[in-house]
Amino acid sequence: MTDELLVDARSVRKEFGGLVACNDIDFTVERGSIVSLIGPNGAGKTTFFNMLTGSYTPTAGEIVFDGRDIVGLPQHKITALGIGRTFQNIRLFGAMTALENVLVGMHARLDSGLFRSLFRTPLQRREERQGRAQARELLAYCGLSPRAERQYARHLAYGDQRRVEIARALATDPKLLLLDEPTAGMNPRETNAFVDFVRKAREDRGLTVLLIEHDMRVVVQVSERVTVLDYGEKIAEGTPDEVTADERVRSAYLGTKPVA
Amino acid sequence: MSMRKLGSILLLAGATAVLATAAASAGPLSGKRIAGLPNTCSKPVGHGKYVIASDFPLQGSLRPLSVQMVEAVKLELKKMHYKIGKYSVQFVSCDDSTAAKGSWDPQTCTNNANSYKSVTNLLGVIGTYNSGCAEIIAPIINRAPGGGIPMVSPANTYVGLTKKSGVAGEPQKYFPTGKRNYARVAVPDNFQGAADALYLKHRHIKRVYVLNDAEAYGLGIANNFVRAAKKLGLTVLGNSKWDASQPNYQSLYQGIASKHPQAIFLAGIVSNNGGQLIKDKVSVLGNNTKVLLLASDGFNDSATPKDAGNSAAGMFITIGGSDPNKLSNPTGRAFVKAFRKAYHVKHLEAYTAYAGQALLVLAHAINKSDGSRLSIDKHLFKQKFPKGIIGSFKIDSSGDPSLGGVTVDVVKHGNIKAVTTVNPPLSLAKAALG
Amino acid sequence: MGTSVGTAAETSRRPSFALVPRLRSRAVAVVGILLLALVAFWLVENAVHDIRQFALVSLNGITNGSIYALVAIGYTLVYGILELINFAHGDVFSWGAMITYSVAISWLGASGHSGIALFGILAVGLVCAALFCATLNMAVERVAYRRLRNAPRLAPLITAIGMSFVLSNLIAVVYGFNYVSSEPLLPRGALFTIGGQAYGWDKLIVLLITVPTLVSLMIVVKRTRWGKAMRATAQNRDAARLMGIDVDRAIAFAFGLGGALAGIGGFVYLVYFTQGRFDLGFRIGLFAFTAAVLGGIGNILGAALGGYLIGFIENYNSGLTWHAPGPSWTESLVFILLILILVFRPHGLLGESLSTRS
């Protein structure tokens with residue numbers, strides 16, 4: 001394993017009962033790259049995400065993240081190691097404000113313990129103030145208007161909810177950001193803005209980005225490498241151009257869809 | 001969760017509670033029990049063909065009282081060498097309380113009564129302490145095959161058990177066969193209610209407020225008191241209930257304070273949160289010299305000064321009958337002496353002598369009978385006891401004793417001590433009955 | 001209103017206690033308003049009847065209500081995070097009272113002291129009761145509920161009922177079935193008098209303990225890191241994990257907080273009412289649970305409000321003299337109110353307003 005690789009997954013396998021959702025997949029992500037995971041519905045993409053974040057434990061295989069085997073670690077520890085994610089269907093804390101959602105994202109980075117947090121020392125207050133300032137910055141960075149900060153997350157417009165979710169994921173200070181269908185429901189203009197945002201965030205924050213995406217225009221525009229899954233198997237890997245040219249991919253996945 | 005689901009969960013909780021209570025009430029297990037009796041009953045003492053049982057609340061705050069009653073019955077039986085005339089008897093002590101409740105329990109009383117019914121050689125029951133439990137047991141054992149099982153209570157004071165009380169169907173409903181099997185030596189509540197009112201009048205009280213615990217005993221004695229007090233010209237400012245499960249009674253007393261009472265009369269039992277009731281009386285209305293506090297015999301219990309602490313200081317508590325420690329008749333004195341010697345105690349609880357007397361009443365009836373239950377039942381009534389433990393008295397045709405003396409006690413330094421005896425005239429006691 | 005642990009955004013996951021779908025018909029609204037008007041009229045008439053009496057009884061209501069509020073919050077915190085009715089909570093409260101008795105009265109002899117010494121002893125008693133009950137409640141979660149977190153809903157509920165019996169019976173084992181009782185601990189001198197009736201220092205002290213406790217709890221839940229973690233866990237456990245929150249600890253935190261409040265409640269109960277028994281938590285627990293549902297279960301402010309409401313009902317009912325039903329009706333009245341609230345506002349007093357607020 002080289003230091004170049006942030007994620008190095010080997011022969012990762014996940015079975016649900018008799019059903020094989022991921023069949024011995026080898027998969028790597030280079031530091032600082034933007035990688036897309038594509039494939040038809042039910043190909044095992046989200047299952048793979050869930051294994052990366054620890055909400056599923058692989059049936060077999062190993063996943064090395066940043067030089068450390070993360071299989072079997074509890075989710076909150078994996079988050080603390082530097083994996084943040086968004087969901088296909090947004091999962092915000094609806095009864096909290098946008099700002100609070102981001103503050104929750106900072107939870108693991110603040111170190112005040114369970115009992116220390118009960119006693120509000122000056123240090124605590126300062127930490128809290130700084131936390132709020134950072135959270136505001138993050139929300140602004142993701143394009144949320146200051147007016148929306150204090151609204152309950154469930155009352156925000158759909159686009160704003162996406163922005164909050166990304167800001168919240170960034171608040172965990174990830175090395176690897178997992179985005180599950182981030183452009184779902186966006187119009188072309190928003191989609192373009194999003195592509196720019198991902199590239200900018202990678203530069204500004206030294207991120208590595210792994211995304212599940214259906215919109216091939218986005219995939220081609222944003223990613224440096226693409227991995228294609230079908231029925232739990234990896235069927236192709238390479239640059240967007242290589243992958244879109246692949247016959248197997250075309251027949252399995254792109255066959256009916258013209259490539260932009 | 002839907003409301004229906006919640007409902008079924010609460011039901012389940014209830015069922016679990018009942019099970020747990022039943023488990024807690026199971027007494028010590030040991031062999032050689034009398035067939036048919038539940039394990040709330042002790043192993044028998046003495047030996048013989050026939051059985052006599054006692055039925056008292058042996059757990060909770062009344063335990064000290066109950067234990068002495070059981071011992072008094074045993075003492076008298078021992079004197080007779082467990083032979084009543086030609087009948088040799090064994091004695092068992094049964095418990096009608098549960099640990100969880102700390103007082104008598106209706107379900108346990110029912111179970112006890114049903115098991116008495118099944119013991120064919122049971123000659124009689126001495127008990128109960130609580131009138132509420134007697135109300136349950138009396139009608140069940142009245143229908144026992146072979147005639148109603150004779151029952152003599154040393155402590156039931158509720159009027160309706162033997163005489164008309166104002167409640168529909170009393171006392172006939174306790175004797176469904178129409179043949180009575182119940183007598184008592186305790187002084188009925190109408191005498192106590194009358195004596196309580198009379199005592200307040202002696203103390204120049206004019207305005208009194210009554211609180212009752214809404215149980216048969218408390219409600220009954222409260223009504224007896226109210227009638228007697230009105231007859232004596234006292235102003236009864238109110239007669240309301242206290243809720244035993246309420247955490248405190250400050251608001252209740254503040255409502256009462258606006259009526260400016262000179263005395264409060266508590267009709268009920270101390271285990272119904274009586275300690276808090278007394279504490280809050282003192283904290284809202286002032287100490288017991290400022291506003292006199294008088295309580296019925298349900299408070300005549302060492303739990304009263306224990307639970308209420310200093311707040312109980314100076315409160316008066318009455319009790320039907322004479323103070324056993326001050327019995328002046330020769331039989332009584334001999335009993336007290338023998339009891340103190342046998343059980344190494346100095347202070348006799350309120351009903352100890354009465355328990356001994358109750359056994360003697362039953363024994364007298366057994367002696368005069370032909371051995372059948374119906375015959376024993378018949379001989380419980382219209383009997384004279386010129387040399388009884390509690391004095392010279394008669395049992396009338398409804399099973400009540402002719403002695404109507406009521407002792408007034410005061411709480412002093414954490415102890416309950418007799419002050420005086422009040423003898424209400426029969427006319428006032430009748431007026432109290434309504 | 002950030003004091004809610006849960007969220008109405010997940011109404012599909014979070015069933016209401018509604019007996020019927022929300023009734024909007026005019027006739028029902030009219031009946032509701034008439035009932036409210038009737039109660040208002042009764043209160044006003046009583047106030048006019050004897051304003052001093054009314055004031056005193058109201059003050060008692062606040063005092064008793066504070067204790068219900070403290071206990072109610074424990075139910076609401078746990079329900080908010082686990083959707084579990086922690087039936088053992090009332091008994092944790094009983095333990096708080098008994099530990100206070102042991103520490104402050106039996107060991108440190110509070111009855112024999114006054115002034116600073118008494119204050120110190122009571123402070124020790126308070127801290128011990130709060131810590132003990134926090135630990136006890138967390139232990140109950142660890143032992144009885146954690147393993148059943150993914151079991152059908154009924155399983156932990158039955159365990160909760162079982163834990164309730166275990167805890168109350170343990171009190172009986174240690175302290176017996178009878179009351180433990182002490183002489184008045186708090187100074188009972190009159191702070192002021194209304195119509196010759198004293199408002200004692202003890203009542204003020206109760207408020208001086210309970211109200212700041214309630215306020216700090218809301219700050220803890222709203223502002224601190226672990227408070228936020230707890231709310232996040234209540235709202236979406238998966239997302240909370242992904243935010244790096246140790247969900248097990250966040251749940252333990254909720255139980256600890258609730259337990260500490262129950263311990264403080266038990267402390268206040270013992271030093272104010274000066275007696276306690278193994279079954280103390282049964283009625284208080286039932287009323288506090290009702291208070292939590294009244295206020296909108298999962299809503300902390302609602303639980304506190306419900307607690308005060310029940311305190312008022314209890315005291316108005318036993319202390320007001322103009323056509324009050326009387327103390328033996330208190331339980332019936334409380335549960336009638338519960339039914340009415342569930343019919344007219346299925347999410348409780350504050351639950352509903354929370355979801356519609358923008």
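The predictor assigns the complex an ipTM of 0.83 and a pTM of 0.81. Chain B has an average pLDDT of 88, and 93% of its residues score at least 70. For chain C the average pLDDT is 86, and 91% of the residues reach at least 70. Here the pLDDT is below 50 over residues 7-20 of chain C, a stretch with 39 contacts beyond near neighbours in sequence. It also stays under 50 over residues 352-358 of chain C, for which 14 contacts beyond four places in sequence are found. Where pLDDT is low, the predicted coordinates should not be read in detail.

With regard to the arrangement of the chains, two pairs of chains are in contact, and chains B and C share the most contacts. Chains A and B do not touch, their nearest C-alpha atoms being 21 Å apart. A salt bridge connects Asp243(B) with Arg283(C), with 3.0 Å between the closest N and O atoms. This pair joins two chains, since Asp243(B) is placed in the loop between strand E11 (235-241) and H7 of chain B, and Arg283(C) in helix H10 (residues 280-295) of chain C. Both Asp243(B) and Arg283(C) are buried. Helix H7 (residues 250-257) of chain B is itself mostly covered, with eight of its eight residues buried; among them are Leu252(B), Tyr253(B) and Ile256(B).

Over all chains, the structure holds 36 salt bridges. In chain A, Arg10(A) is paired with Glu62(A), the closest N and O atoms lying 3.7 Å apart. Because Arg10(A) belongs to strand E1 (residues 5-16) and Glu62(A) to strand E4 (residues 60-65) of chain A, the pair ties together parts that are 52 residues apart in sequence. Arg10(A) is partly exposed, with a relative accessible area of 38%, and Glu62(A) is partly exposed at 30%. A further salt bridge of chain A is formed by the side chains of Glu224(A) and Arg202(A), at 2.6 Å from N to O. The pair links distant parts of the chain, 22 residues apart: Glu224(A) lies in the loop between helix H7 (216-222) and strand E9 (225-230), and Arg202(A) in helix H6 (residues 188-205) of chain A. Glu224(A) is partly exposed, with a relative accessible area of 31%, whereas Arg202(A) is buried at 11%. In chain B, a network of salt bridges links Lys163(B), Arg184(B), Asp396(B) and Asp400(B).

Chain A also contains buried elements. In helix H1 (residues 45-53) of chain A, eight of the nine residues are buried, including Phe48(A), Phe49(A), Met51(A) and Leu52(A). The residue that follows H1(A) is Gly54(A), whose phi is positive, near 95 degrees. Thr208(A) is located in strand E8 (residues 208-212) of chain A. Its relative accessibility is 2%, and Thr208(A) therefore counts as buried. The side chain of Thr208(A) reaches the backbone nitrogen of Gly32(A) at 2.9 Å. Beyond its neighbours within four places in sequence, Thr208(A) contacts several residues, including Leu6(A), Val29(A), Ser33(A), Lys175(A) and Leu177(A).

By contrast with Thr208(A), which counts as buried, Gln172(B) counts as partly exposed, at 48% relative accessibility. Gln172(B) occupies the loop between strand E8 (151-153) and strand E9 (182-184) of chain B. Between Gln172(B) and Leu294(B) there are 122 residues of separation in sequence and 32 Å in space, taken from C-alpha to C-alpha.

On chain C, a nonpolar surface patch of about 410 Å² is made by Val31(C), Leu35(C), Leu38(C), Ile336(C) and Leu340(C). Helix H1 (26-49) and helix H12 (330-344) of chain C each provide at least two residues of this patch, and H1(C) gives the most, with three. Leu340(C) is placed in helix H12 of chain C, and at 30% relative accessibility Leu340(C) counts as partly exposed.

Terms used
Residues numbered from 1 in each chain as written. Chains lettered and ligands numbered in written order. Predicted model: local features only at pLDDT ≥ 70, side-chain atom pairs only at ≥ 80, totals over all residues. Heavy atoms only, no water. Helix = DSSP H or I, 4+ residues; strand = E, 2+ residues; numbered from the N terminus. Buried < 20%, exposed > 50% of the residue type's maximum accessible area, 1.4 Å probe, protein only. Polar contact = N/O pair within 3.5 Å; in protein donor to acceptor, adjacent residues only side chain to side chain. Contact = heavy atoms within 4.5 Å. pLDDT = per-residue confidence, 0-100. Patch = residues over 30% accessible without salt bridge, like charges linked within 9 Å, V, L, I, M, F, W, Y side chains within 5 Å. Areas by Shrake-Rupley, 256 points an atom, 1.4 Å probe, with all protein chains shown as cover. Salt bridge = Lys/Arg side-chain N within 4 Å of Asp/Glu carboxyl O.
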